[in-house]
Number of protein chains: 4
Amino acid sequence: MYNREVKLTGHIIDSLTLPRALDLIMDMGGDFQILEFKVGKRKKDTSLARIKVSAESESLLGEILDELAEIGAMVVEIREVKLEAATKDKTLPADFYSTTNHPTYIRFQNEWIPVENIEMDCMIVVDPEIPKAIIKPIGQIKKGDLVVVGREGIKVMAPQRPRGKKGVFEFMGSGASSEKPLQTLIKSIAQEVREVKSRGGKIAVVGGPAIIHTGSGPVLARMIKEGLVDVVFAGNALATHDIESALYGTSLGICVKSGEAVARGHRHHIYAINQINQAGSIRDAVEKGVLTKGVMYECVTNNVPFVLAGSIRDDGPLPDVITDVIEAQDEMRKYVQGVDMVIMIATMLHSIAVGNILPSQVKSICVDINPATVTKLSDRGSAQVLGIVTDVGAFLPMLYHEINHKPGD
Amino acid sequence: MYNREVKLTGHIIDSLTLPRALDLIMDMGGDFQILEFKVGKRKKDTSLARIKVSAESESLLGEILDELAEIGAMVVEIREVKLEAATKDKTLPADFYSTTNHPTYIRFQNEWIPVENIEMDCMIVVDPEIPKAIIKPIGQIKKGDLVVVGREGIKVMAPQRPRGKKGVFEFMGSGASSEKPLQTLIKSIAQEVREVKSRGGKIAVVGGPAIIHTGSGPVLARMIKEGLVDVVFAGNALATHDIESALYGTSLGICVKSGEAVARGHRHHIYAINQINQAGSIRDAVEKGVLTKGVMYECVTNNVPFVLAGSIRDDGPLPDVITDVIEAQDEMRKYVQGVDMVIMIATMLHSIAVGNILPSQVKSICVDINPATVTKLSDRGSAQVLGIVTDVGAFLPMLYHEINHKPGD
Amino acid sequence: MYNREVKLTGHIIDSLTLPRALDLIMDMGGDFQILEFKVGKRKKDTSLARIKVSAESESLLGEILDELAEIGAMVVEIREVKLEAATKDKTLPADFYSTTNHPTYIRFQNEWIPVENIEMDCMIVVDPEIPKAIIKPIGQIKKGDLVVVGREGIKVMAPQRPRGKKGVFEFMGSGASSEKPLQTLIKSIAQEVREVKSRGGKIAVVGGPAIIHTGSGPVLARMIKEGLVDVVFAGNALATHDIESALYGTSLGICVKSGEAVARGHRHHIYAINQINQAGSIRDAVEKGVLTKGVMYECVTNNVPFVLAGSIRDDGPLPDVITDVIEAQDEMRKYVQGVDMVIMIATMLHSIAVGNILPSQVKSICVDINPATVTKLSDRGSAQVLGIVTDVGAFLPMLYHEINHKPGD
Amino acid sequence: MYNREVKLTGHIIDSLTLPRALDLIMDMGGDFQILEFKVGKRKKDTSLARIKVSAESESLLGEILDELAEIGAMVVEIREVKLEAATKDKTLPADFYSTTNHPTYIRFQNEWIPVENIEMDCMIVVDPEIPKAIIKPIGQIKKGDLVVVGREGIKVMAPQRPRGKKGVFEFMGSGASSEKPLQTLIKSIAQEVREVKSRGGKIAVVGGPAIIHTGSGPVLARMIKEGLVDVVFAGNALATHDIESALYGTSLGICVKSGEAVARGHRHHIYAINQINQAGSIRDAVEKGVLTKGVMYECVTNNVPFVLAGSIRDDGPLPDVITDVIEAQDEMRKYVQGVDMVIMIATMLHSIAVGNILPSQVKSICVDINPATVTKLSDRGSAQVLGIVTDVGAFLPMLYHEINHKPGD
C-alpha cells in the first residue's frame with residue numbers, strides 16, 4: 001500500500017469538505033485512517049483533520065491526492081512541484097495539472113509562490129528564473145513552456161462557507177429560484193456595490209441585448225456615467241441595439257418607450273451599424289456628434305473600457321467588435337483579474353465566457369429570467385456565482401434605485 | 001346545394017374576420033360568393049361584406065354557419081332560436097349550442113335578447129315566460145331545462161381590434177415575452193387601474209403563493225387597504241403563507257425579509273393553520289386580535305370578499321377554504337360578471353379557472369415568470385388576456401408605485 | 001447548561017448526516033462535544049458518532065433535538081413519548097410534533113412501536129389501548145385525540161445514501177436537467193418497473209392531460225391492460241381528454257393522430273362529458289358499450305382503481321370526479337401506503353399532491369418537460385423523487401419499449 | 001396626393017396578405033382604393049387584388065410601397081431598379097434596400113433578374129456588365145459596389161400558405177408547444193427527410209453539445225455514416241465533447257452510458273483537445289488512428305463537410321474551429337444556399353446564426369427543450385422554422401427509427 005498524509009483545515013464541517021474528502025477516497029477505491037480530528041466548536045473556530053490516505057498503486061494514490069487537492073486538502077509532507085516542457089505549441093505533457101478557479105500556490109525552490117492570473121481548466125507555466133508561475137490556457141502554450149505536472153507541491157485555497165450570519169453571496173446557495181424575496185436580494189447587492197466602490201474596487205457588467213429591449217439601457221448608461229461600472233463586456237447585439245435606440249428610439253425595431261413596433265423599424269439596426277461604419281468607430285461617432293447618448297456613449301465619454309466580443313449570429317458587426325473569439329477572450333482576460341465584482345445580465349453566452357476566466361473569489365451575480373442560464377453557469381464550474389431569476393427590465397431600475405437610496409433613509 | 005346569406009360588419013379587415021371566414025368556409029368543404037364588399041377607408045370606418053355560403057348538405061351548411069357565428073358572422077335572414085328540453089340532469093340534447101366568452105344574443109319571440117352570465121363552453125338555457133336567457137355550465141343543467149340547440153337565431157359579438165393607436169391590451173398581441181419594455185407596460189396597466197377605479201369599476205386579483213414568497217404580500221395588502229382591489233380569488237396556499245408571514249415572518253419557512261431559512265420554519269404553515277382553526281375562521285382570528293396584518297387581514301378589515309378555492313395539494317386547509325371545487329367555481333361566478341379588470345399573478349391553476357368563467361370583454365392581465373402559464377391561458381380559450389412575463393417580486397411593487405405616481409409628475 | 005447525548009449511526013459521512021447535525025447545533029445557538037466517532041472504512045461499513053449536545057435553556061435544547069431527530073439523530077437516553085389531548089376538532093396542542101415522510105417509531109410503554117400511514121407535515125395520534133400510533137393530517141384531528149408533543153421518544157429513520165455503485169434513484173441527485181443520457185435513465189426505470197412487478201409490488205401512475213395531448217394515451221392504456229399499473233391518480237382533464245380521444249379521436253379538439261385542429265373540435269370535450277353523464281358513470285359507459293378503448297376503459301376493464309380528483313379549472317366535471325379535494329386526498333391516501341413505486345407524469349398539481357402524502361421510501365419518478373415542476377416537488381419536501389426533464393410524448397413510448405425489451409436482447 | 005397602383009396575387013386571403021396590406025397602408029397614414037378584387041373560390045384558386053395606394057408625400061408613398069413589397073405586393077407600373085455606389089467599404093447609401101429572406105427579383109435593363117444568395121437584412125449589389133444581382137451583408141460591401149436603393153423594380157415572392165391538406169411545415173404554425181403529438185410530428189419529419197434524400201437533396205444538421213451529453217451522439221454519427229446528413233454546422237463544444245466521448249466515454253466528465261460522474265472526468269475535454277492539437281487536426285487524428293468513432297469521425301471518413309464556428313466561451317479550441325466569427329459565417333454561407341432542409345438541434349446560438357443566412361424556402365426544424373429558443377428564432381425573422389419543443393435525447397433516436405421504418409410497415 002502507498003500512503004500519504006493530508007491535512008484539512010478551516011470550516012471543513014460546514015463546508016462539507018471533510019465528508020466529501022472521505023467520500024472521494026472511498027469512491028475512488030482508496031482507504032483512509034483519521035489520525036487527528038479537532039472540531040471547531042464556536043461559529044468562528046476552524047476545524048482540523050489529519051488523514052492518512054492509502055491506495056494500492058502509486059498512480060491511484062496520485063489520482064486521489066489530485067482530487068483531494070481540488071477541494072483544499074494539502075499533502076502534509078511538502079515536495080517540490082514537478083515541471084515538464086511542452087514539446088509543441090498548444091500541446092501539453094500527458095500528466096499536466098489542470099487548474100481550478102481558486103487561489104493556488106506552488107512549492108518551488110522551497111517556497112510557496114502564488115500562481116498569477118487564476119483561471120479554471122488551464123495550466124500553470126513556470127518561469128524558473130524570476131521565479132514566477134502564471135496561468136495559461138492550452139491555446140497559449142508554446143513549445144518549451146515549463147508546465148506543472150502531477151500533483152506534488154500544489155496548494156489550492158478552496159473557498160469555505162463561513163458559519164453564522166451569511167452575506168447575500170452565501171445565503172442563496174446554488175438554488176436559483178424566482179420564489180425568493182427580490183427586494184431583499186437587491187438591497188444586499190446594492191449594499192455590496194456601495195462597499196466595493198467605497199473602497200475603490202472595480203465592477204464589471206456583462207450584458208445582453210435584453211437590457212436594451214426591456215428599456216433598461218438608460219439606467220445602465222446612468223450607472224456608467226456615475227462611475228458605478230468600470231468595464232463592460234458585451235457583444236455586437238447590445239452595442240448595436242443601444243446605438244439603434246440612441247439614434248432611432250427603437251431596439252430590434254420596437255420602440256423602447258411605447259413597446260410598439262415601428263414601421264420599417266427592423267431595418268434600424270442595419271442603419272445604426274451603417275452610421276458607425278461611416279464614422280469609423282463608436283468613439284469616432286461620439287466625437288463627431290453622431291452618437292450622443294446611451295450605454296456606449298457613456299463608456300466612451302467616461303473612458304470606461306468595453307470589450308465587444310463577436311458571435312456567429314452577429315449582423316454587421318460594428319467596427320469595434322473583436323471578431324476573433326480567442327482575441328476577444330484575451331482582451332477580457334486583461335480586465336477580469338482586476339475586478340472585485342461582476343454583474344452578469346441577460347446573456348448566457350457572455351456570462352459563461354466571463355465565468356470561465358474569472359477567479360472564484362470575485363463576487364459575481366448572474367441575473368436572468370431563465371433559470372437554465374443560472375444553472376448552466378454553475379454546472380460549467382462557476383459555482384461561486386449568485387444566480388437571480390428575475391426580469392432584467394425590473395432588476396436594473398430596482399438596483400439603481402437601491403444604490404442611490406442610503407440604508408438609513 | 002343549400003345556401004344561406006351571412007353578413008360581416010365592423011373592423012373585419014384588420015381583425016382578420018373576413019379572411020378567416022372565407023378560409024373557414026373552404027376548409028370545411030363549403031363554397032361562397034361575395035355578394036357585396038365595402039371596405040372602410042379611414043381608420044374609424046367599418047367594413048361590410050355580404051357572403052352567400054353554400055354546402056352540399058343541410059347539416060354541413062349548419063356546421064359552417066355555426067363556426068362562422070363564433071367569429072361574428074350573422075345570418076342575414078333571421079330565424080328564431082331553437083330550444084330543446086334536457087331529458088336528465090347534467091345531460092344535454094345532442095345538438096346543443098356551446099357558448100363562447102363573447103357577448104351573445106338570441107332571437108326569441110322576434111326580439112334579440114341578451115344572454116346573461118356569459119361564459120365559454122357552456123349552454124344557453126331559456127326561460128320563455130319572462131323571457132330570459134342565461135348561461136349554465138353542463139353540471140348545472142336540470143332535467144327539463146330548455147337548452148338552445150342548432151345555430152339559428154344566435155348573434156355573437158366577437159371582439160374586433162380597432163385600427164389606430166392601440167391601448168396596452170391590444171399592442172402586445174398574444175406574444176408573451178420577457179423582452180418587452182416592462183416599465184412602459186406597467187405604466188399602461190397603472191393607468192388602466194386608475195381609470196377603472198375612477199369610474200367606479202371593480203378589479204379582481206387572482207393570486208398565487210409566490211406573491212408572499214417573493215415578499216410582495218405587504219404591497220398587495222396595501223392595495224386592498226387603499227380600495228384598489230374589490231375581490232380576491234386565491235387558494236389555501238396564498239392565505240396560509242400570508243397568515244404564516246403575518247404571525248411568524250416566514251413563508252414556507254423562509255424569512256420573507258432576509259430570504260434565509262428559519263430553524264423549524266417549515267412547520268410554521270401548520271402552526272398558522274392551527275391558529276386559525278383554533279379561532280374558528282380568518283374573520284374570527286382578525287376579530288380576536290390574533291391576525292393583525294397582511295393580505296387576508298386587509299380583506300376582512302376592508303370588507304373585500306375573497307374566494308379561497310381548495311386544491312388536492314392543500315395542507316390543512318384553512319376553515320375558509322371551499323374544499324368542493326364546483327362550489328368554489330360557483331362562488332367565483334358570483335363575482336366575475338361584475339368585475340371590469342382582472343389581474344392574475346403567479347398562479348396557473350387559479351388563472352385558468354378564472355379565465356374559464358370570464359367574459360371576453362373584461363380586461364385581464366396574467367403575470368408570471370414562466371411563459372408557459374401565459375401561453376396555456378391563451379390556448380385554453382382566454383385569448384383576450386394580456387400576458388406579461390416578469391418577476392412577481394418586481395411587478396407588484398412597480399405597479400403600486402406607478403398607480404400612486406400621477407402621470408404629470 | 002442543559003445537555004443530552006445523541007447518537008448518529010449509519011452512512012453518516014456520505015449522507016452528510018454528521019456535518020449537517022453539527023452545523024444545525026451551532027446554527028441554532030447550541031454547543032456540542034464529540035464523545036465518540038468511529039468512521040466506517042469500507043464501502044459497506046457504517047459509522048457511528050456519539051455527541052453531547054448542550055444549550056442554555058431546556059426549550060432551546062428541545063428545539064435542537066427536534067431538528068436533529070428529523071435527520072435521524074437519536075437521543076441515547078430513551079424516554080417515553082409525551083401525549084396531549086386535542087381540545088377541539090382540527091386543533092392541535094401548542095407543542096405538537098410535526099412528522100417527516102420517513103419511517104418513524106415512538107417509545108410507548110417501554111417499546112418502540114411503528115407509526116402507521118407515514119406522511120409529512122402531519123401529527124401522530126396514539127390509541128393507548130391497543131397500543132397503536134397513526135398519522136393524521138390536521139384536518140382529521142378530533143377533540144380528545146392523543147397527539148404526540150415534544151420530541152422525546154421519537155425515532156426517525158432518515159434515508160441514507162449507500163456508498164458505492166448507485167441505482168437510478170441515487171445517482172441523479174436533486175439536479176433535474178435535460179442534459180442527461182435519457183436512454184440510460186429510461187433503461188434503469190424499466191428495470192426497476194420489472195423488478196417491482198416481478199416481486200408482486202404495486203405501481204401508481206399520476207398523470208396529467210398532456211399524456212393524451214401528446215398521443216401517449218394508447219401506451220398508458222396498454223400498460224394498464226398488461227398489468228404494469230395498479231392504480232391511477234389523475235384529474236378530470238386526463239379522463240375527459242382520454243374519453244374525448246376514444247370517442248372522437250381528438251384531445252382538446254386537436255386530432256391526436258395528425259396533430260391538426262378538427263373543425264368544431266373544441267366542443268368535443270363537452271360532448272365527451274355529456275356522453276358519460278348520459279350513461280351515468282365511466283363504468284356505466286364501458287358496460288353500455290359507449291366507451292370501448294383508452295386509459296379509463298382499461299382501468300374499468302382490468303379493475304385498476306382510479307382516483308379522479310377535482311380542480312377549480314374543471315369543465316363538467318365527469319361524474320366520477322371527486323369534487324371535494326379533501327375527500328379526494330383521503331381516497332388517494334387509501335392507496336399510497338401500499339404502493340412500491342410512483343410514476344408522476346406531466347402534472348405539477350397532482351404530483352405535489354401525491355408527493356405530500358407519500359412515504360419517503362416509495363421510489364418515485366417525476367417526469368416533466370418543465371424543470372420547475374421537478375424543482376418545486378423537491379422544495380415542497382419530496383426530496384426522494386427522481387426528477388426527469390423530458391418530453392412526455394417520448395417518455396412513455398420509450399419506457400414501454402424498454403420494459404418489454406429484455407436486458408439480454 | 002401621390003398614387004401608385006399595386007397588385008396582390010396568390011393565396012392572399014388565407015395567407016392574410018390582403019388584410020395585412022390594407023392594414024399597413026392605413027397604419028402608415030396612407031389611403032387606398034380597391035380597384036379590383038377577385039376571390040379564388042376553390043381550394044387551389046388564387047385571388048387577385050388591384051389597389052391604388054395614395055399618400056401625401058412621395059417619400060411616404062415610397063415607405064408604404066417598401067413595406068408592401070415585403071409582403072409580396074408588386075407595383076403594377078414597372079420601373080427600373082435604382083442603384084447607387086457605396087462611397088466607402090462597409091458603408092451604404094442612405095436609402096439602401098434591406099433584403100428579406102424570400103426569393104427576390106430586380107428589374108434591370110427591362111428584365112426581371114433573380115437575386116442570388118438570398119439572405120435577410122442584407123443588400124443587393126448589381127454587376128451591370130453580366131448583368132448579375134447578388135446579396136452582400138453590410139460587412140462585405142466594398143467602395144464602388146452598386147447597391148440597390150429605393151423600392152422601384154423589386155419583386156419579392158413572399159411565401160403563401162396553400163389551402164387544403166397541410167404538410168408538417170404548415171400545420172404547426174408558430175405555436176411551439178410540448179403538448180403536441182410528438183410521434184406524429186417525427187413521422188412527418190422522417191417522411192420529409194426520406195423525400196429530400198430520394199430526390200438527391202441536401203440536409204444540414206446544426207447541433208449543440210446536448211446531443212452528446214444526452215447520449216445521442218452515436219445516432220447522429222450513424223445518420224452521417226448512412227448519408228442522411230450532408231453538412232454539419234456546430235461549435236467547439238459539440239466537437240470537443242464528441243471527441244471526449246469517443247476517447248474517454250464521457251461528455252463534460254459525465255459517462256454518456258451510465259450518466260454517472262467519472263473521477264477526474266471534468267478534465268477529459270482538455271485531454272481531448274490536447275490529443276487533437278498533438279495530432280494536428282481532427283482529420284489528422286482520424287488518419288493517425290487516434291479518433292476512431294463518433295460524429296466528427298464519421299464526418300471525416302464520409303467526407304461530410306463541417307463548419308465549427310468559434311464562440312467566446314470556447315475552451316481550447318480545437319484546431320479545426322474557425323475562431324473569427326465573420327470568417328465562420330462566410331464558410332457557412334457556402335453551404336446554406338445549396339441545402340434543402342435544415343435540422344437545428346439544441347443550440348440557440350448556432351440556430352439563430354444559420355437562420356440569419358437561410359433563404360425562407362428551405363425547410364427548417366428547430367428542436368429544443370426550451371420553448372424560448374424556438375420563439376426567439378421566429379422573433380429574429382426566421383418565421384418559416386418549424387419549432388419542436390422536445391427532449392433532444394429522445395428526438396434523434398426516434399427520428400432515426402422512423403427514417404428507417406418504411407411507412408407501409
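**Ground rules**

I number residues from 1 along each chain as its sequence is written, and I letter chains from A and number ligands from 1 in the order in which they are written. Because the model is predicted, I take local features only at pLDDT of at least 70 and side-chain atom pairs only at pLDDT 80 or more, while totals for chains, interfaces and linings use all residues.

**Chains C and B**

I started with how the copies relate. Two copies of a chain are related by a rotation about an axis and a shift along it.

Then I looked at the contact itself, where 42 residues of chain C touch 41 residues of chain B (contact means C-beta atoms, placed from the backbone, within 7 Å). On the chain C side, the elements that give two or more residues are helices H2 (58-70), H8 (268-279), H11 (325-336) and H12 (348-356). I take helices (H or I, at least four residues) and strands (E, at least two) as DSSP runs, numbered from the N terminus. That side of chain C splits into 15 nonpolar, 14 polar and 13 charged residues. My classes are: Ala, Val, Leu, Ile, Met, Phe, Trp, Tyr, Cys and Pro nonpolar; Asp, Glu, Lys and Arg charged; the others, Gly among them, polar. The same surface serves both copies, as 98% of the contact residues of chain C recur in chain B.

**Chains B and A**

Next I laid chain B on chain A, again with an RMSD of 0.1 Å, a turn of 180 degrees and a shift of 0.1 Å along the axis. In chain B the C-alpha nearest the axis belongs to Asp391(B), at 2.7 Å. Here 100% of the contact residues of chain B recur in chain A, the same surface serving both copies.

This contact takes 26 residues from chain B and 26 residues from chain A. Helices H4 (182-198), H5 (210-213) and H14 (392-403) of chain B are the elements giving two or more residues to the side that touches chain A. By class I get 11 nonpolar, 10 polar and 5 charged residues on that side of chain B.

**The sheet in chain B**

I traced an open sheet of 4 strands in the order E2-E3-E1-E4 (chain B), with antiparallel pairing; strands pair if DSSP finds at least two bridges between them. Which strands are at the edges? E2 (31-38) and E4 (74-75) of chain B, each pairing on one side only. E1 (residues 2-10) and E3 (residues 47-55) of chain B pair over 9 bridges, and I noted Arg4(B) opposite Val53(B) in E3(B).

Two helices pack here. H1 (residues 17-27) of chain B lies across E1, E2 and E3 of chain B, at about 160 degrees to E1(B). H2 (residues 58-70) of chain B touches E1, E3 and E4 of chain B and makes about 155 degrees with the direction of E3(B). My axes are lines fitted to C-alpha atoms, for helices over the stretch in contact, with angles from 0 to 180 degrees between N-to-C directions.

**Helix pairs in chain D**

H7 (residues 236-248) and H8 (residues 268-279) of chain D pack at about 95 degrees, axes 9 Å apart. That makes H7(D) roughly perpendicular to H8(D) (65 to 115 degrees counts as such). The contact divides into 7 nonpolar, 5 polar and 1 charged residues. Among those meeting are Leu247(D) and Tyr248(D) in H7(D), and Ala272(D) and Ile276(D) in H8(D).

I also checked H6 (residues 217-225) and H14 (residues 392-403) of chain D, whose axes come within 9 Å and cross at roughly 35 degrees. Val219(D), Leu220(D), Arg222(D) and Met223(D) of H6(D) meet Leu396(D), Pro397(D) and Tyr400(D) of H14(D). I counted 6 nonpolar, no polar and 1 charged residues in this contact.

Terms used. Angles under 35 degrees count as roughly parallel, over 145 as roughly antiparallel, 65 to 115 as roughly perpendicular and the rest as oblique. Copies are superposed by least squares on the C-alpha atoms of residues with pLDDT of at least 70 in both.
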